[in-house]
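Please look over the sequence and the 3D view before reading on. The paragraphs below go from the whole chain to single residues.

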Protein chains: 2
Amino acid sequence: MVSVALPAMAQPSGQQPVLIGGAGLAAMRTEGARYPMFADELARVRKEVDAAMKAGIDVPVPKDPGGGRTHEQHKRNYMAIYGAGMLYRATGDKAYADYARRLLLEYAKLYPTLGLHPAAKNNSAGKLFWQSLNDAVWVVYSIQGYDAIRDTLSDADRKTIDDGVFRPMAKFIADDQPQVFDIIHNHATWACAAVGMTGYVLRDQVMVEKALKGTDRSGKVGFLKQIDQLFSPDGYYAEGPYYQRYALQPFVVFAHAIEQNEPQRKIFEYRDGVLTKAVRAAVQLTYDGYFFPFNDALTEKSLKTDELYQSVAIAYGATHDPSLLSIARWQGRTTLTPDGLEVARDLAAGKEKPFPYASMLFRDGPDGDQGAIAVMRAGPGDDDEVVAVKNTAQGMGHGHYDKLNWILYDAGRPIVTDYGAARFLNIEAKDGGRYLKENETWAKQTVAHNTLVVNETSQFDGKVKVANTLAPRQIFFSAEGDTRISTAEMAGAWPGVTFRRSIVQIEVGKGPPLVLDLLKVHGDKPAQYDLPLHFAGHIIDAGFPLQQNLAERPVLGKDDGYQHLWVDATGAPDASNARLTWINGERFYTWRMLPPAGAQVILGESGANDPKFNLRREPVLIQRVKSPGDTTFVGVLEPHGAYDPSAETTEGSTSRIESLRHVRTADADVVTLVLAGGRTVTLAIADSAEARATHKATVDGKPISWKGHFARFDGKGAGQ
Amino acid sequence: MVSVALPAMAQPSGQQPVLIGGAGLAAMRTEGARYPMFADELARVRKEVDAAMKAGIDVPVPKDPGGGRTHEQHKRNYMAIYGAGMLYRATGDKAYADYARRLLLEYAKLYPTLGLHPAAKNNSAGKLFWQSLNDAVWVVYSIQGYDAIRDTLSDADRKTIDDGVFRPMAKFIADDQPQVFDIIHNHATWACAAVGMTGYVLRDQVMVEKALKGTDRSGKVGFLKQIDQLFSPDGYYAEGPYYQRYALQPFVVFAHAIEQNEPQRKIFEYRDGVLTKAVRAAVQLTYDGYFFPFNDALTEKSLKTDELYQSVAIAYGATHDPSLLSIARWQGRTTLTPDGLEVARDLAAGKEKPFPYASMLFRDGPDGDQGAIAVMRAGPGDDDEVVAVKNTAQGMGHGHYDKLNWILYDAGRPIVTDYGAARFLNIEAKDGGRYLKENETWAKQTVAHNTLVVNETSQFDGKVKVANTLAPRQIFFSAEGDTRISTAEMAGAWPGVTFRRSIVQIEVGKGPPLVLDLLKVHGDKPAQYDLPLHFAGHIIDAGFPLQQNLAERPVLGKDDGYQHLWVDATGAPDASNARLTWINGERFYTWRMLPPAGAQVILGESGANDPKFNLRREPVLIQRVKSPGDTTFVGVLEPHGAYDPSAETTEGSTSRIESLRHVRTADADVVTLVLAGGRTVTLAIADSAEARATHKATVDGKPISWKGHFARFDGKGAGQ
């Protein structure tokens, strides 16, 4: 490669960039083209910005809701301002700086004329967009582009843009909307980042202080308090993985700005480095790159998003953790910043290490005592079985009523599923791209999840204020050896009801592990208990007789999500035949149950009472029992066999489990799986989590004893 | 790479391989490791055969149906015999020859003791398998493995295997089952290939003659007659693309054996080279590598199958067409034969050319006059829009009652769909892996396809004998320029009913083309006409009001597939609002109609009356009209917009078509699409296909005239 002389950059004193800087700033121009990932990003952004420049300046008067024309144009514009600024720094081409200047001058004309957005729907109206959240995002991007070109401007232009765009926008976001700004919520983080970064760029320390400590600068709210309150000590974000992705960007981008301007704050070491922990936690909470879709979440969301390109680059800049490079490799992109340059340079130098996907517990709550997500992985690969158990707190307005819910992935696919959110992001015909009515009536309801429902009523009666006050208790977690286990308990989701669930991932030789589900309910009065299992795949067969609704399909219930379930069939299985087998991709899955006495099984599908075709249609199996109060559900999920449509071969299409037994002792539950060939696996789970307590039981006439919450006993059979 | 001395191969005179030979036979050993694709195949087969050798000889007494243990074991065994034979030739390692010998000696013990298979269900019972077809497949593979090692055997072993396995199997397949052997059908082709190849290996020319000309050696049936009867002059196979794939293997494998042993027959030049044409046609009848699922077909079937690895390698050996190399590259595999070596060698030498995927007509019938499949492609790429129109004859027992059916792919996905077959291949719990009852009651029925249904009755009243006697007439096909068109007509599918359909692929600038569907019915009495459109995707919205079955879902009809359709909603749209929009992947699709006067639109889903959960649940839109006899349906399928879940951007989610108009003149139909901005595209389709006939019409008050069947007129609008 031939090195060419580059034009000198303009260097007016005192107005140089403050959000990016250091040696990397010049290196983007001199070295960038050498590193494939940076060169690709340069080409991508250049293509995008060149196209925007060719299309001409278009700064429309705001009118449309999400997905509409003016909404999308203002989004394109902030990407263009950001892109043009970075391109100017990465290439030295003044045309980019000039384009950003002209765009911003248009905004300086438009913005002072604007009232609240005409499509606004709530008390957080924006001006450029229907909600002020999007206005804050606009600032976070645009201020970075502006910072990159600000030293190229005449004093007059600089003042026009400072005073016509960013200063009034910061005022609108902070001072005019304290109900949005001064709260502990991800929307407020975008707002704080917007205002704080604007403060650095406009050299306005009061603005920075408001961002860090709230409009009254007391520190009771603001960015630092958000870091304290919204992340757990393990870096888990209160709203769940999908919003963790979204929330991360303003956290790390603003933190990066703080680090550039006030390194003495040691922001990346704040709370034991929780921000970079949070980036790693976001990656851990994925399968094959897709986020676990707990709470309001779109299932199609992966690590390939702008938020994560930024987060990974900034976290790499802060930590130089080489496993982040392998995430950047998977993403296939980085940022047009000095951090992105470093990612690309180190990838080109072969410094990457595999990301250490692991079985681990992510505690929830600022102090880590508000439950947890338990992740159990059969291995670190994209195809390895993963179980995730959601024992977290509610997580505010985007939370679902799904305490002690679980999901399972295997062979690269979701197998036991969570619906995620009912929303078509940015698709105007679907209610402007906002959360749909069915998000409330179906997706958030308990029956839409794989957890207990009492008397066809959602947890906390579907009231978020109550739900926010109570969290599950993570009683035990162990990821050692060939058996991983999570035990958690939830009290108060319904009056008088406590339920406890152990989910155990059990390796039994070759192939993906079995998963045991032991759910025990204690109620103070008789009740109907439902335990749904939402699954993905095509039903192969059921082990028990079915009464079917073949030619007219009724709905299961009236409310709390039940109105959205069609009933395909019902049955009354016993311990010998209670199983359902389905196929997904090239593997079979069998769900085997020990139904409580008198239990009924319902096979259904989502999609009833859905006049606008807003719901996906997905199958569910529900165990239903009228209980005197206390009931135990036992189930085992077994992946098995192989179906190869190319070679036309099929192996192991029937379950390897011959039977399933459950015994209750004085202080423990003991479950025995009898595998084909007579081999047995016995799992003993004590009520107590006390590590030194000893327990004993009798299994098949033989005594067993163990110490602590959990033990596994393998019995030999005829051999496998 | 270091060249090493290889052990000399055993060379007893007179018993050397006859199915593979020439310079390539030795070159497999000396050069094979140099070419990645051949080395990979060597490693793959070695791993498979080594595992089989380690597992030991297992030749069970036949007992189970498709998918069952003995079925799968006998399949594994023929792969092992074939693989071991090829490995012996590719490596010189006698252990492989010895393993094949020991396996075959076990068969020599077992086979003479066998009667018909206990799980046999029809008059084509096998002995090793439930149907004799599988026995023939067993021979086609095993005889190749045997041929490869036959010169290593003692005279005694050779005689034991000749007389204990292959001679009696050939007798069983040919002489004992003339009802299977002496017919024109793909099962018979496997039978002929099995017997003919056995004839060459056992040096039994009478056996070869029977294979080529039928058991009476008259030539009225047998392999040559099958080539004459089962392929059209364009290489289209009568049963459709899925069975073309399957049928190809015995055709090309046996042809290869004929070429080796009787080159004077010039078998690859027979009928103007129809066999290699057929290999290329099979590839043309795919999208993104997956076969168009017309007739009985599994949608998951791609070019990555053993049949096509063999076919591509043999066709390459016969033609050296470099575009076949790019197919082998896509497949990622070749065969462990001298032809496979050549594929791997020429790929390594960079000789591949892109496969010329094209818009073309594949005529059906031995003389090419039994209708056709019309394929229209927007481009040669995997993501380019493809329309395939099925105007072929019935195609025998695996044929569907779907004359003038069409499907559409775009952006790598099926958009307008064909259900294919109701079958779970090799999955024992699904009726032994055979075709399911629902294949007859749903998948074959007309309403399961995108074509006309009269009085809720399938074409030919669902009677295959009648259906086999009548074929559509392909009236016109043109793939020139920016507009591609197929017009075909079907008479006699119902008494007194003739219908004609033009499907037109229309390029209108950037983005995938629009597709016009013009379907005209002439009936001699009043009738109800249904026109289904089966589509894949999630409904975004309908342009017209719907009456919905929200809380109880009825079934559409009683028979002919209608019993399997749930009714979600009905509506009565008019020309101004008759559209449905859905999303699939990252693109939107709108189906816009000009419903006949009084028409109703039904939105439904497959899956009713399905007690064993055998059906996939897929959406359908049906236009329904009570007609006095003559009715015209006009529809336009429009791909539009882009949804990017990563970048959270959406463009063009609403249709670009403002209106749709249809005018009938004295001798033509004229359809005008008015696009956004006022631009118009007018398509004029004359009744006559006469190239020199002139036609005229008046559109929007202006006269137009054209010559021949079809013309397009573009009107300018305000610009696009």
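Predicted model: local features only at pLDDT ≥ 70, side-chain atom pairs only at ≥ 80, totals over all residues.

Residues are numbered from 1 along each chain as its sequence is written, chains are lettered from A and ligands numbered from 1 in the order in which they are written, and side-chain values use heavy atoms, with hydrogens and water left out.

Start with chain A as a whole. Chain A has 17 helices and 30 strands; helices (H or I, at least four residues) and strands (E, at least two) are DSSP runs, numbered from the N terminus. The radius of gyration of chain A is 28 Å, close to the 27 Å that the globule rule gives for 720 residues, so chain A is as compact as a globular protein of that length. That radius is taken over C-alpha atoms, and the globule rule is 2.2 Å times the number of residues to the power 0.38. Along its principal axes, the C-alpha trace of chain A spans about 90 × 55 × 50 Å. Of the 720 residues in chain A, 62% are buried. Buried means under 20% relative accessible area, exposed means over 50%, and partly exposed lies in between (1.4 Å probe, protein chains only). A contact means heavy atoms within 4.5 Å. Among contacts in chain A between residues at least 6 apart in sequence, 67% join residues at least 24 apart.

Next, take one helix. Helix H15 (residues 338-348) of chain A is mostly covered, with eight of its 11 residues buried. Among them are Pro338(A), Leu341(A) and Leu347(A). The buried residues of H15(A) pack against helices H1, H2, H11, H13 and H14 of chain A. Just after H15(A), Gly350(A) has a positive phi of about 75°.

Strands come next. Thr581(A) lies in strand E18 (residues 579-584) of chain A. Thr581(A) counts as buried because its relative accessibility is 3%. Its side chain makes a polar contact with the side chain of Arg579(A) at 3.0 Å. A polar contact is a pair of N or O atoms within 3.5 Å; within protein, one must be able to donate a hydrogen and the other to accept it, and residues adjacent in sequence count only if both atoms are side-chain atoms.

Further along, strand E25 (residues 657-664) and strand E26 (residues 668-675) of chain A pair in the antiparallel sense over seven bridges. Two strands pair if DSSP finds at least two bridges between them. A hairpin of three residues joins E25(A) to E26(A), and His662(A) stands opposite Val671(A) in E26(A).

Now turn to chain B. Asn450(B) is found in the loop between helix H16 (437-443) and strand E8 (453-454) of chain B. Asn450(B) counts as buried because its relative accessibility is 0%. Its side chain reaches the backbone nitrogen of His534(B) at 2.6 Å. Not counting residues up to four places away in sequence, Asn450(B) touches residues including Trp406(B), Arg501(B) and Pro532(B).

Last, consider cysteines. The structure holds zero disulfides over all chains, a disulfide being a pair of cysteine sulfur atoms within 2.5 Å. Cys192(A) counts as buried because its relative accessibility is 0%, and Cys192(B) counts as buried at 0% relative accessibility.
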